[in-house]
Amino acid sequence: MPSVIVVGGSLGGLTTALVLRDAGCDVRVLERSTAALQARGAGIAVLDATMRYLSERGGYRHPDVCSSTDWIRYLHADGSLQHEQRHRYWFSSWNTIYRSLLGLFDSDRYLLGREMAGFDSADGGAGGGVSVTLADGVRLEADLLVCADGVGSMARARLLPEVAPSYAGYVAWRGTLAEGSLRPATRKALGDALTYQLLDSSHILVYPIPGLDGSRTEGERLINIVWYVNVAAGGELDRIMTDRRGVRRAVSLPPGAATDEVVAQLRQAAAASLARPIAEVVCAISEPFVQVVCDIDVPRMAFGRVCLIGDAAFAVRPHAAAGTAKAADDGWALAEELSAAGGDVPAALARWERRQLELGRSLLARTREIGDSSQFTGTFRPGDPRLIFGLHEPGR
C-alpha cells in the first residue's frame, strides 16, 4: 500500500487519514495550524458517513458524542406551531467529533505547524511519486497526496485555476448559546426538536448540540442557530464581511470578528421578525459569526497521484447537512479503491474519481435547489420530504 500525505487535518482529512492507515498505508497529516484545531462549538448534523469511523472502528455510539432530537417543528412568527413531524436527528459539535477522531489517530503522524507551499507530482506510472514542499522549505515525499485543504484550497487553485467559488446570493449567520441561560419555556420549546422558522426569502433553524465540554445532558448543552439571509454582492456584502480590523474576509468571519454595527443590526432583525423563543437565542449570542454561502463545482478530483477531497473539491450549500459526511465518504471510498487495486494509485484514483464526481454533482444540485427554494423562489414548504438531511438522498 502507498505512502500518503494528507494536507489538512480537519474532519475530512482526519477521517481519510484514519481509514487509509487502517488499509495499510503509511499516512502523515500536515496541518498548518500550530495547535489542535478549534471551531468554538459550531454545530453539525451527524449523518451516517460522519459517524461511521467512530462507530465501526472507534467503539463510539451516537449518544457518546451526539445530542438527539425526535421532532422537526416549524414555528409561525407569533410562536405558534405551523407544522411538526416525528423524525430522529443526531447533532454534535465540530469540536466533539474532531476530538474523538483525533484521539484515534497516531499523534506522531499528525504534524502541526506544517503548511504546504507547493507540490510536484509524477504522472502516475509505477514508481512515480509526489514531492511536497513546506513553507519552511522542507521537502517530503509520498506515493499519494490527498488535499483536504477546504474551501480556499491552494491545491485546487493550482490544479484547476479556472474553478472559483460562485456566490449563492446569501450568507449563513451562526452561533451558539448555553442552554441553561434560556428561560424554561424557551428550553422546552427548542430542546427536543430541529426547529425552523420560515421568513420572506429566508429561514432559520435551531437545534441542541453537546456543550463545549461534550456534555449531552439537558440544560448543559448548547443551542445552535443557522440563519440564512440574502445579501447583495458588492457594497453590502463587503460591509458585513469586513472584520473589526478593517480586513475584508472572503469566506467567513470567526466569532468575535463581526463589527458591533453589523451584530446590532442582526439582533434588531431577530427581535423584529423571529418567534420569541428563537429571537431569545439569537439576541443573546455574544459572538455570532457569518459564512458566505457558495458553490464550487469541479470537473476533476484526481490528477496523477494527487486528489482533492471534501470542500477542496465540491463545496456545497449546507441545506442537506452533508458537507462533513461528503468529506468522510470521499475518504472511505478512496480506501476501498486503493485496497481493491492492491495499492495501485493511478488505477484506484481513476475508479474513485468516477464514484465521487457523481456523488458531488448530485449533492451540489440538490443543495442548490433547496437553497434557492427558500431564498429566491418561495417554494420551501414545511414537511417537504426533500428537506430531510442526507448525503446520497434525503434521509440517506
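Tutor: In strand S18, valine 306 is the bridge partner of phenylalanine 303. Helices (H or I, at least four residues) and strands (E, at least two) are DSSP runs numbered from the N terminus, and two strands pair if DSSP finds at least two bridges between them. The model is predicted: local features need pLDDT of at least 70, side-chain atom pairs count only at pLDDT 80 or more, and totals for chains, interfaces and linings use all residues. Residues are numbered from 1 along each chain as its sequence is written, and side-chain values use heavy atoms, with hydrogens and water left out.

Strand S17 and strand S18 (residues 306-308) run antiparallel and are joined by two bridges. Both belong to an open sheet of six strands in the order S6-S2-S1-S10-S18-S17, with mixed pairing. Its edges are formed by strand S6 (110-112) and strand S17 (302-303), each of which pairs on one side only.

Two helices lie across strands of this sheet. Helix H11 (residues 345-377) lies across S10, S17 and S18, and runs at about 20° to S18. Helix H1 (residues 11-22) lies across strand S1 (3-7), strand S2 (26-31), S6 and strand S10 (144-147), at about 165° to S2. Contact here means heavy atoms within 4.5 Å. Axes are lines fitted to C-alpha atoms, for helices over the stretch in contact, and angles run from 0 to 180 degrees between N-to-C directions.

Another open sheet has three strands in the order S7-S8-S9, with antiparallel pairing. Strand S7 (116-121) and strand S9 (139-142) each have a single partner strand, so one side of each is left without a neighbour in the sheet. S7 is joined by five bridges to strand S8 (residues 130-134), and the two run antiparallel; phenylalanine 119 has valine 132 in S8 as its bridge partner.

As for the whole, the protein has 11 helices and 18 strands. Its radius of gyration (taken over C-alpha atoms) is 21 Å, close to the 21 Å given for 396 residues by the globule rule (2.2 Å times the number of residues to the power 0.38), so the protein is as compact as a globular protein of that length. Of the 396 residues, 53% count as buried, that is, under 20% relative accessible area with a 1.4 Å probe, protein chains only. Among contacts between residues at least 6 apart in sequence, 70% join residues at least 24 apart.

Conventions. Buried < 20%, exposed > 50% of the residue type's maximum accessible area, 1.4 Å probe, protein only.
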